[in-house]
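The points below can be read in order, with the model open alongside.

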Amino acid sequence: VSTPHEVRDALARTIVGQREVVDALVMGLLADGHVLLEGMPGVAKTLACRALAGAVGGIFKRVQFTPDLLPSDIIGTRVFDQRSGEFVTVRGPLFANIVLADEINRAPAKVQSALLEGMQERRATIGPDTLPLPRPFAVLATMNPFDADGTYALPLAQLDRFLLNVRVGYPSREDERAIVDRFSAAAAEPERDVATLADVERWQVDVRAVHLNDRVRDYAVDLVRATRGARYVASGASPRAALALAILARARAYLDGRSFAVPDDVRELAPGVLRHRVAFDYRLAIDGGDGDTVLAEIVASVPAP
Amino acid sequence: VDYSGAGWIRCAERAAFVCAALLAFAPAAAYAQNLPVLRITALGLHADQNVVRPGQSFHVIVHVHIREKRDRLDELVLPALTNAVDLGDERRRVPVADGTDFYETLTVAAQTVGTASFSPAYIDAIDPATGRGMRYSSQPLSVRVANGSTVADADSGALMALLRKAALTVGAIAVVLALAIAGLVRLARRPKRVVEVPPAAPPPPRKSAPVLDPLREALRVYRARGDDDSLDTLRNVLFARAGAVPGATFADALRALGPRDPELARVMAVAERARFGPVHERAPAARDLLTLMDAYLVAREPVA
């Protein structure tokens with residue numbers, strides 16, 4: 001029987017530095033949610049996703065999102081079987097345990113919405129067949145927010161389906177040296193089958209049983225409510241954000257070996273949960289501010305219990 | 001009604017805006033209308049030869065049956081060719097009792113020895129049963145291109161290829177089995193994990209007692225009342241003692257404390273459990289907190 005720590009350690013052995021990214025991916029998996037990774041090319045976003053998929057076994061599929069991608073390239077299609085004389089359903093890459101949607105903002109809205117519908121409903125319709133997606137199921141999407149040419153911005157309503165949005169920054173100098181030492185000689189080879197899919201499903205059940213005190217719940221709700229009407233905020237986070245904060249606080253506590261969530265869990269997770277759910281108004285750009293600073297101010301304005 | 005010049009200008013502006021909006025939405029509407037509503041019941045792809053020689057021409061036939069009566073089927077996307085050249089194509093429409101059959105016959109010639117491949121033919125259409133856009137696709141097709149003076153030679157080559165394929169499959173199964181056995185043996189030999197216990201932290205040097213009165217007072221109130229409010233007050237006093245600013249959380253207090261006072265860190269951790277833990281853990285945690293606090297305060301009593 002494996003533990004989530006073993007998966008986290010396996011990822012940490014593959015990914016140099018980026019501890020927050022590793023933790024976020026494991027917490028997303030524990031919370032049975034989807035994770036959006038934002039960062040410059042070459043900061044190990046894809047490698048981190050591959051490492052997670054390898055560590056928990058199961059079926060892993062990667063889809064490189066491009067402008068000419070079609071919904072059927074993701075969901076699947078109906079192929080005519082000449083022997084039986086009937087159309088048969090051929091499932092697309094969405095039917096996997098871990099789906100890596102690489103550069104999700106490079107595909108048009110129709111493809112994005114097909115993927116996000118699958119993420120939300122946990123099932124996909126191919127012709128007359130509505131098929132459940134495998135369990136566990138997680139979409140890990142990457143996005144390069146700086147190279148906006150030829151991209152299709154994801155609307156807030158669709159971004160809301162991601163439990164967590166993680167900013168993947170550049171590694172420290174020490175880490176970058178370690179990356180060069182380790183990977184210039186041999187390609188990165190993620191550790192495989194550290195845990196099983198059954199383990200993951202068990203952890204997900206255990207996470208739901210982690211205790212969330214009323215005061216901690218209220219703190220999560222107050223944080224989300226504080227985003228509405230805050231300075232520089234055009235539209236605040238939805239109630240789904242409070243749900244996400246609660247389940248992720250439980251996941252963080254579980255990963256930390258606790259049977260209860262504490263205010264720190266909520267506070268630490270708040271930027272990642274709120275970042276993609278809050279729309280900032282034009283005055284922020286005029287004043288030269290950035291969203292994360294505004295979010296930090298909002299979080300600081302709500303007293304922790 | 002404003003018949004003045006300004007009124008006419010406003011009117012013209014509105015009309016221009018409406019026209020612009022219609023023009024802007026027209027492509028989207030047109031795109032939605034592009035997909036035909038079709039009940040496709042067959043979409044086959046086959047060749048009239050299984051094995052051909054380089055340069056030999058043969059036919060690849062795409063057959064589509066739809067339930068609708070249609071004159072044309074422009075939406076059919078023909079297969080892409082690999083290792084074959086397109087010499088021409090012919091489309092035939094056959095009206096039948098239950099709809100329409102379309103036959104697209106491609107005349108192609110194989111290029112070099114190996115395989116001539118044809119990607120699936122497909123149609124994007126709206127399924128009337130669900131009202132959703134859908135891709136209907138044929139299977140891909142491969143035709144072997146062999147170097148034989150006759151097709152019979154090529155057929156014997158096909159037999160050899162089949163045998164080679166069978167041998168490869170058996171070999172692959174053997175390799176997988178060997179790997180599985182090797183994995184099991186390795187697993188059985190794997191040494192048991194040794195749990196490393198970190199060395200116990202050295203006891204802090206005994207110092208003269210600092211001012212503990214707020215802590216004693218908060219503890220006294222908590223011992224007397226035992227409610228959440230008094231526990232919150234006690235936590236805040238503990239955090240302040242760790243060096244955290246008012247409104248800090250446990251993590252802030254730990255950061256402010258650093259490695260200075262591990263016992264205080266332990267007391268704060270138990271206080272968190274007593275405050276936020278599940279119901280069945282809170283009472284034991286509260287007892288532990290009182291015991292730890294007493295020991296903590298005794299250890300810091302001024303030496304007589």
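1. Terms for the cavity. On a 1 Å grid over the protein atoms alone, a cavity is a set of points where a 1.4 Å probe fits but cannot get out, and its lining residues have an atom within 4 Å of a point. Grid points are joined across faces, edges and corners, and a volume is the space filled by probe spheres set on the points. Rolling a probe the size of a water molecule over the atoms shows where empty space is left.

2. Basis of the note. This is a predicted model, in which local features need pLDDT of at least 70 and side-chain atom pairs count only at pLDDT 80 or more, while totals for chains, interfaces and linings use all residues; side-chain values use heavy atoms, with hydrogens and water left out. Residues are numbered from 1 along each chain as its sequence is written, and chains are lettered from A and ligands numbered from 1 in the order in which they are written.

3. The cavity. How many cavities of 30 Å³ or more does a search of the whole structure find? The search finds one, and the largest cavity holds about 60 Å³ of space. Its lining consists of Ile75(A), Leu94(A), Ala114(A), Glu117(A), Gly118(A), Arg123(A), Ala124(A), Thr125(A) and Arg132(B). Helix H5 (109-121) and strand E6 (123-126) of chain A are the elements that give two or more residues to this lining. Helices (H or I, at least four residues) and strands (E, at least two) are DSSP runs, numbered from the N terminus.

4. Four of the lining residues of the largest cavity are nonpolar, two polar and three charged. Here Ala, Val, Leu, Ile, Met, Phe, Trp, Tyr, Cys and Pro count as nonpolar, Asp, Glu, Lys and Arg as charged, and the others, Gly among them, as polar.

5. Chain B as a whole. Chain B has seven helices and 10 strands. Of its 304 residues, 32% count as buried (buried means under 20% relative accessible area, exposed over 50%, partly exposed in between, with a 1.4 Å probe and protein chains only). Among contacts (heavy atoms within 4.5 Å) in chain B between residues at least 6 apart in sequence, 65% join residues at least 24 apart.

6. Helix H11 of chain A. This helix covers residues 263-274, and its 12 residues reach 16 Å from first C-alpha to last, close to the 16 Å expected at 1.5 Å a residue; the expected span is 1.5 Å times one less than the number of residues. H11(A) is largely enclosed by the rest of the structure, because 10 of its 12 residues are buried. Among the buried ones are Pro263(A), Val266(A), Leu269(A) and Val273(A).

7. Contact across the chains. In helix H5 of chain B (residues 250-257), the buried residues are Phe250(B), Ala251(B), Asp252(B), Ala253(B) and Leu257(B). What do the buried residues of H5(B) pack against? They pack against H11 of chain A, together with helix H4 (228-242) and helix H6 (262-276) of chain B. Gly258(B) follows H5(B) and has a positive phi, near 65°.

8. Helix H10 of chain A. Pro239(A) is found in H10, which spans residues 239-255, and is exposed at 59% relative accessibility. Ala244(A) also has its place in helix H10 of chain A, but this residue is buried at 2% relative accessibility. Leaving aside neighbours within four places in sequence, Ala244(A) is in contact with Leu163(A), Val273(A) and Arg277(A).

9. Asp292(A). This residue is in helix H13 (residues 291-301) of chain A and is partly exposed at 27% relative accessibility. Beyond neighbours within four places in sequence, Asp292(A) is in contact with Arg167(A) and Arg275(A).

10. Backbone points to check. Arg135(A) and Pro136(A) are joined by a cis peptide bond with omega about -15°; Pro136(A) lies in the loop between strand E7 (129-132) and strand E8 (138-143) of chain A. Gln18(A), not a glycine, has a positive phi of about 50°, and is buried with a relative accessible area of 16%. Asp32(A) has a positive phi near 60° and is buried at 17% relative accessibility.

Methods: On a 1 Å grid over the protein atoms alone, a cavity is a set of points where a 1.4 Å probe fits but cannot get out, and a pocket is an open set with protein on both sides within 12 Å along at least five of seven lines; lining residues have an atom within 4 Å of a point.
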